[in-house]
Each structure stands twice: as structure tokens, then as C-alpha cells.
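Please keep the sequence and the model in view while reading.

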Amino acid sequence: MKTVSRRDFLKGVTLATLSLGAMAFRKVSRDDAIFDFVVAGAGHNSLITAAFLTRAGFSVLVLEGRPTIGGGCKTAEVCLPGFKTDLCSSVHGFIQSNPVLRDNELNLFEYGLEYIDPDPIMHISFPDKASITIWKDIERTYAEYKKHSTKDADTFRRLVAEIQAYNPARQTGSDIPASVWRRRFAMSGYDLVNETFENHYIRTFHLAVGRFSSIPAGHPNTGKQLFSAIKQQIHGRPIPKGGSGMLAVALGRAIEAHGGVIRTNMPVVQLIIENGRCRGVECMDGTRYRARKSVVSTIHIKHLVDMAPKHLWGDGFIENVRLLQPEHAMFVFHYAVSEPPKFELADGGTISPTEAALMANPERILRSDYEHATGEINLDNLPLQVVCPSIADSTRAPAGYHTLKLEGNLPYALKEGPRHWDNIKDQVAANVFDYFRKFCPNLTEDKILARFIQSPIDIERMNPAMWRGSVHAAAYGAAQSGDMRPVPGWADYRMPIPGLYQTGSCTAPGGSVTGRPGRNAAIVILADHGSSIEQAIGRPTATKMQP
Ligand SMILES: Cc1cc2nc3c(=O)[nH]c(=O)nc-3n(C[C@H](O)[C@H](O)[C@H](O)COP(=O)(O)OP(=O)(O)OC[C@H]3O[C@@H](n4cnc5c(N)ncnc54)[C@H](O)[C@@H]3O)c2cc1C
């Protein structure tokens, strides 16, 4: 088996750039070094903002610090040539309701973006081989629940109808009073799941799937986690054909098609400030790019505040950024395998889903706060998310082979410090795989052709916007969500320094592949510069921000 090193990884990124459509990023000469907008960082959110700005006729330069655009939407051949591995996200569920995709506002489907809807949608296996599978066919899912509890199966079906009728704007729907919805969402996921379902497996399944958000379900305001599995039944778990990075590739093509310029390997280290206004950025190699109108950043807010004099931000802003907390960090272990995972079932058969969750009992979720506080690694029944996109998308790997990833949460700040991850990550990965193999014994060592192991600190090294391994930029609790994100009073994408805007997971409504911070920021920036989304795309469209 091949273990891929950091040097190999960089080679892999280059390969991926080639395999994902050979995007030719135009060189910027000294003469074009002034643009209307300079966009610092190329995650999918800031690329969406940049794409709207180019569509509105502005000249736009995007500067990405890494060799490839996309941030958390990046696919690379890091394990072996021909195996397209999603380095971060795989599932693009939330963004489907964003008008960018729903109404094809940026014509991304003409630039190579295509989605596949896996069936089965989701699966969980338990140590005793009990299991639950969500299928597109709700009757089939109902039967899965019914194996464990008829009452819970009926509840599941009722909740599917309730959430379909729920109107987020009015917090009401079906026969459920608004006060009940408010209470449900304000509760902890753990309490709501236990109050709603009677069966141990079904309770565990709902919490195991809700956990993908990296927010421990023991916290208040996590009641929505009960509905994660329900929403999966309704919306599925779409993955982009060819890899998560195809979203970034399509956005890059859309930007370049309208005259935008993208440069990679250009980390921004400083904001250019003149007369108290942000006028451009300086990169690590000393090159400076000026913005006639404004700079748009998706640099993590913790880093951004160090890129301009403190007094320009104001004491309150700086103190709020200092108080911003990381979320429970993620790890991700990637494999090239010669067989898909085959989860053993109680009836003696097996199932190979694109996506699965592992968690042994509901209480496991409650221990994660303690482990993250103490920096302990506890692999006992570690909750896992297992993704094998090649099962649904044959373009991801050579025929018969597969890309597999195991991901979950472990502390960034180990007792010995975060760098200790470099000493232990291979052993941790081996132990995690041994645990996973109890559910899928077919994946013996000889089936693993190569692996690429990313600890929480590796994730931050790969993408500085995933500060301290926070793949959604920062924790979600009440203190840093909604109009408190990134800082109370500054949730409208405008920053305290005139001429500077912020988008991405640091801003409302937060992380994951939603495109919401990106499109919301475009609405604000275009309005401030005498334009609008409708003018940009040349047709009527939804003009409200998405919460
Ligand atoms: C292992 C893993 C699995 C995940 N799975 C899913 C999933 O299945 N579904 C889902 O919805 N979400 C998932 N996520 C989360 C999701 O990937 C992110 O929340 C999302 O991609 C963030 O997008 P963004 O646009 O806010 O910024 P990012 O994607 O974080 O992009 C920020 C960009 O800015 C660049 N940058 C930062 N600082 C600088 C600088 N100083 N100069 C220049 N460039 C800079 C970075 O290099 C990066 O390219 C996953 C994340 C990880 C790590």
C-alpha cells in the first residue's frame, strides 16, 4: 500500500488541476494590476461573489493562496493517478436550494457542473449488524424503520410531512404551532431525538447523521439535527459528477468567461490601506493588486484582522474576533481501494452505500465536548462518516476501483499540542480503519492501494480558512451564529474598514457548501455599487438574502 506524503500531495494537486478541466488561469501583467474588485481567497462562496461581480460588468481579480481554487470544494488525485479524491466536501445538499443552482443564475450547468443523486441515500450499521438505510423510495425507508419500531416508523413518516409543510419565514407549517417549532429547534438534538423516538437504533441514527454538522447534539439550539435524516429522505445527498471540485471549476470557468482573472499560489498577507480605506492587497511575494472599488475577502477573520492596523477595526471588533471559538475539529482519511466497502447486514447480505454513518449509541455524542476540552483522543466507538462517491459516480476511479474517505471529529489541540498530530496521525488512522473494518470486513489490507491521511492540523495547513481544523470556519453556538457571525453588528458582509467586504464560512449563515454567504455578499456589494443580482444576470430572480 502506498502512503502519500506531503510532497506527493502537491504533485497530486497539479494532476487534479489538469484532470479537472485544465483551467488556464490568465497571467496578470503589471499593466492590468488594477481591477474594480480584488477577491482574496477562492472558496466556492467568494467565487460565487466574484462570478456575480464579473456578470455585472466589473473587472475582477481573484487571488487564491493555494495551488488550486475551491477551498473546501476541491478534488485531487492525491492517492493514485485516476482516483479523484474529494479533499473536503463531497455532498452538495444545502446549495441545491440556492438560486445560483436552483435557477441556474450563473449558468454553472453549462460550465460542466452536473449532480448525481445516490440511492441508497444514507446508511448506518451497528456493531451487532443491525442497520437502517434511507432509500429514495420512502416506503422502503419506512420498512427499514419498521424493522426496529412501528411507532418510530410512523413518526418518521409524519415528520417528513411536517418538515415539508414547514415555512421557515413564518416558523409554521402543517398543524404544528409556531411555538412548537421554536421549542423543537431551541432544544438540544439529544433531548429532542430522545423525546421523539423510542428505539435505540433510530435515536442513534438521527444523532449520528445530525453530527455531520460538527456541532455536538448536547448543545442547545441543535434540535434541527433530528431533521437531518428527514431532510435527506426528501432532498437526497447529491454529489457533483467528477468530484466536489467541479463546482469550483464551473465557477472558475464562469468568472473567466466574463473577463475575470484568477491567480493561484498567491497568498494575501496584507491589506493596502490609504486614507483609512482598503485600496487593494499585497501577496506573500510582495506583488500588490489595487482595487478601484473594493476588496472582497474570504480570509479567516482571525487572520484578516492582522492584515490592517488595529485602530481601523475598532476595539470592540477586535475583542469580538478574539473571543470567536473554533468548532470541533475534523480529520479525514482518504483511500484508493479495489473494492467498495461492503457493510455486513443482519440477514447475512451486504450493502454498499455511497454514504454511511457509524455511531454505537446516542450518549457517545455527549462525550465529545469533554474530549475536545481535554485534548484526549478517544477512538472507542468513534462516530464516523464514510463516503465512497465512486459507487454512484464511475468517473471518480478506474473501472472496478473506488475512492473512499473516513471522516469525523477529533481534538485539534492535543494535550501535547496540535503539532503532535504529525507524530501520531498514521497510527490513529490505522486504528480508525481497524474499527471501520469491523463493519466492512471485505476491506482487508490488500484491497487498500494507497492512502492520504489528513489530521485536523493538516486540514488547517491545506486551507487556512479552516482555522484550527474548523471546517465551517468557527463554531456555531448562539454566540457566533446569525447576526453575531462573524461579529455582532457586522453580519452584513461589510467590514469596519471602508472598501472591504467579507464572505465565506466566517460570515452568516456559516459553513458547508451552501453558497449562501457568497450570494448574500454579492447582493450587498452590488447594491453598494449601483447594481443588483437581477441586473447582473439580466433577468428577474430572487433578490432576498438567504438566512
Ligand atoms: C473533510 C471535510 C469534509 C467536508 N464535507 C462536507 C460535505 O460533504 N458537505 C458540505 O456541505 N460541507 C462539507 N465540508 C465543509 C465545507 O467544505 C466548507 O465549509 C466549505 O467548503 C467552505 O467554503 P467557503 O467558501 O466558506 O471557504 P473555503 O472553502 O474554506 O475557501 C477559502 C479559500 O480561501 C483561501 N485563503 C484563505 N486565506 C487566504 C489568504 N490569506 N490568501 C489567499 N487565499 C486564502 C483558502 O486557501 C481557500 O481556498 C467538509 C469539510 C471538510 C474539511
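This is a predicted model: local features need pLDDT of at least 70, side-chain atom pairs count only at pLDDT 80 or more; totals for chains, interfaces and linings use all residues.

**The ligand and its surroundings**

A nitrogen atom of the ligand has a backbone N or O atom of Val-91 at 2.8 Å. A backbone N or O atom of Ser-512 lies 2.8 Å from an oxygen atom of the ligand, and a polar backbone atom of Gly-71 is 3.4 Å from an oxygen atom of the ligand.

From the ligand, the reader may turn to the packing of helices. Two packed helices are described by the angle between their axes and the distance between the axes. Consider helix 2, which spans residues 44–55, and helix 10, which spans residues 245–257. Their axes come within 9 Å and cross at roughly 20 degrees. Angles under 35 degrees count as roughly parallel, and helix 2 and helix 10 are therefore roughly parallel to each other. The crossing of helix 2 with helix 10 is left-handed. On the side of helix 2, the residues in contact are His-44, Leu-47, Ile-48, Ala-50, Ala-51 and Thr-54; on the side of helix 10, they are Leu-247, Ala-248, Leu-251, Ala-254 and Ile-255. The residues of this contact comprise nine nonpolar and two polar ones, with no charged residue.

A second pair is formed by helix 4 (residues 138–146) and helix 5 (residues 150–165). The axes of helix 4 and helix 5 come within 7 Å and cross at roughly 145 degrees, and their crossing is right-handed. Helix 4 contributes Ile-138, Glu-139, Thr-141, Tyr-142, Tyr-145 and Lys-146 to the contact. These meet Thr-150, Asp-152, Ala-153, Asp-154, Phe-156, Arg-157 and Val-160 of helix 5. Here the contact residues divide into six nonpolar, two polar and five charged.

The loops hold several backbone features. Asp-119 and Pro-120 are joined by a cis peptide bond, with omega at about 5 degrees. Pro-120 belongs to the loop between strand 6 (115–116) and strand 7 (122–125). Another cis peptide bond links Ala-508 to Pro-509, and its omega is about 0 degrees. The loop that holds Pro-509 runs between strand 21 (500–502) and helix 17 (516–528). Finally, Asn-104 has a phi near 45 degrees, a positive value in a residue other than glycine. Asn-104 is placed in the loop between helix 3 (99–102) and strand 6.

Note on methods
Residues are numbered from 1 along each chain as its sequence is written. Side-chain values use heavy atoms; hydrogens and water are left out. Axes are lines fitted to C-alpha atoms, for helices over the stretch in contact, and angles run from 0 to 180 degrees between N-to-C directions. Helices (H or I, at least four residues) and strands (E, at least two) are DSSP runs, numbered from the N terminus. Angles under 35 degrees count as roughly parallel, over 145 as roughly antiparallel, 65 to 115 as roughly perpendicular and the rest as oblique. A crossing is left-handed if the near helix is turned anticlockwise from the far one by less than a right angle, and right-handed if clockwise. Contact means heavy atoms within 4.5 Å. Ala, Val, Leu, Ile, Met, Phe, Trp, Tyr, Cys and Pro count as nonpolar, Asp, Glu, Lys and Arg as charged, and the others, Gly among them, as polar. A polar contact is a pair of N or O atoms within 3.5 Å; within protein, one must be able to donate a hydrogen and the other to accept it, and residues adjacent in sequence count only if both atoms are side-chain atoms.
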